[in-house]
Amino acid sequence: MNKTFKVILSRSEDQLFTYSCLALSLCYVALVLHLPVTFLPLAQHDDGWFISKAASIFSGEWFGSYNQNTLIKGGAYPLFLAVNRLIGLPITLSQALLFCGAVMFIGYACRRLGLNWILALICVALIMFQPALFPVRITRENIYSSLMLISLASFIFQTTSV
């Protein structure tokens with residue numbers, strides 16, 4: 001097979017992979033937006049803490065006054081919530097879009113490792129529709145799986161050559 005034909009075939013496979021990932025992402029977002037989300041504002045060390053710290057960040061007070069609960073959790077999720085408030089999207093949509101982007105990034109990393117586009121798409125679908133990763137509460141676990149996938153894909157891109 002000549003080199004030009006391989007390049008054309010490779011481009012069409014990449015386009016097929018991209019469009020298929022986008023279709024899976026659309027299905028995932030539609031599913032997640034229709035899931036019930038539990039919010040426990042009285043859980044002072046979980047949901048309520050994230051919301052109150054996000055409100056403090058949004059008002060320019062960083063984490064608010066310093067006390068024994070200031071550093072009980074990491075600051076990434078309250079920062080995500082504060083940025084999400086600036087953007088104005090529903091929190092479930094923002095989390096779903098971040099997760100879809102992370103899963104697509106890991107799919108492209110699998111392609112870069114030389115995995116067939118169909119197998120990479122199967123990996124994307126299996127990760128994306130893993131029921132344990134569906135957001136059902138307003139907690140930090142909703143973005144940490146996305147951040148882990150982004151870190152892993154970044155590592156793969158960094159260590160592989162084109």
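You'll find L149 in helix α6. Helices here are DSSP runs of H or I with at least four residues, strands are runs of E with at least two, and they're numbered from the N terminus.

Quick word on what we're looking at. This is a predicted model, where local features need pLDDT of at least 70, side-chain atom pairs count only at pLDDT 80 or more, and totals for chains, interfaces and linings use all residues. Residues are numbered from 1 along each chain as its sequence is written, and side-chain values use heavy atoms, with hydrogens and water left out.

Back to L149. What is L149 in contact with, leaving aside neighbours within four places in sequence? That would be F99, A102, V103, I106 and I127, where contact means heavy atoms within 4.5 Å. L149 also sits 9.5 Å from M104, C-alpha to C-alpha, though the two are 45 residues apart in sequence.

Another buried one is T92, at 14% relative accessible area. T92 belongs to helix α4, and with neighbours within four places set aside, T92 touches V32, L33 and V37.

Now, helix packing. Two packed helices are described by the angle between their axes and the distance between the axes. Take α3, residues 76–87, and α6, residues 141–159: their axes are 9 Å apart, at an angle of about 100°. The axes are lines fitted to C-alpha atoms, for helices over the stretch in contact, and angles run from 0 to 180 degrees between N-to-C directions. So α3 is roughly perpendicular to α6 (that's 65 to 115 degrees; under 35 is roughly parallel, over 145 roughly antiparallel, the rest oblique). On the α3 side we have A76, Y77 and F80, meeting N142, I143 and Y144 of α6. By class, that contact has 5 nonpolar residues, 1 polar and no charged. Nonpolar here is Ala, Val, Leu, Ile, Met, Phe, Trp, Tyr, Cys and Pro; charged is Asp, Glu, Lys and Arg; the others, Gly among them, are polar.

On to the rings. How many aromatic pairs does a search of the whole structure find? It finds 6. Rings of Phe, Tyr and Trp (its six-membered ring) pair if their centres lie within 6.5 Å, and planes under 30 degrees apart are stacked, over 60 edge-to-face, the rest tilted. One of the pairs is F17 with Y108, edge-to-face, with 5.2 Å between centres and 85° between planes. F17 is in helix α1 (residues 3–33) and Y108 in helix α4 (residues 91–112), 91 residues apart. F17 is buried at 0% relative accessibility, while Y108, at 28%, is partly exposed.

Then there's Y28 with F134: centres 5.9 Å apart, planes at 45°, so this pair is tilted. Y28 is in α1 and F134 in the loop between α5 (117–128) and α6, so the pair ties together parts 106 residues apart in sequence. Both are buried, Y28 at 1% and F134 at 17%. Y28 and F134 also belong to one aromatic cluster with F99 and F129.

Last, confidence. pLDDT is the predictor's confidence in each residue, from 0 to 100. The chain averages 84, and 88% of the residues score at least 70. Where pLDDT is low, the predicted coordinates should not be read in detail.

Note on methods. Buried < 20%, exposed > 50% of the residue type's maximum accessible area, 1.4 Å probe, protein only.
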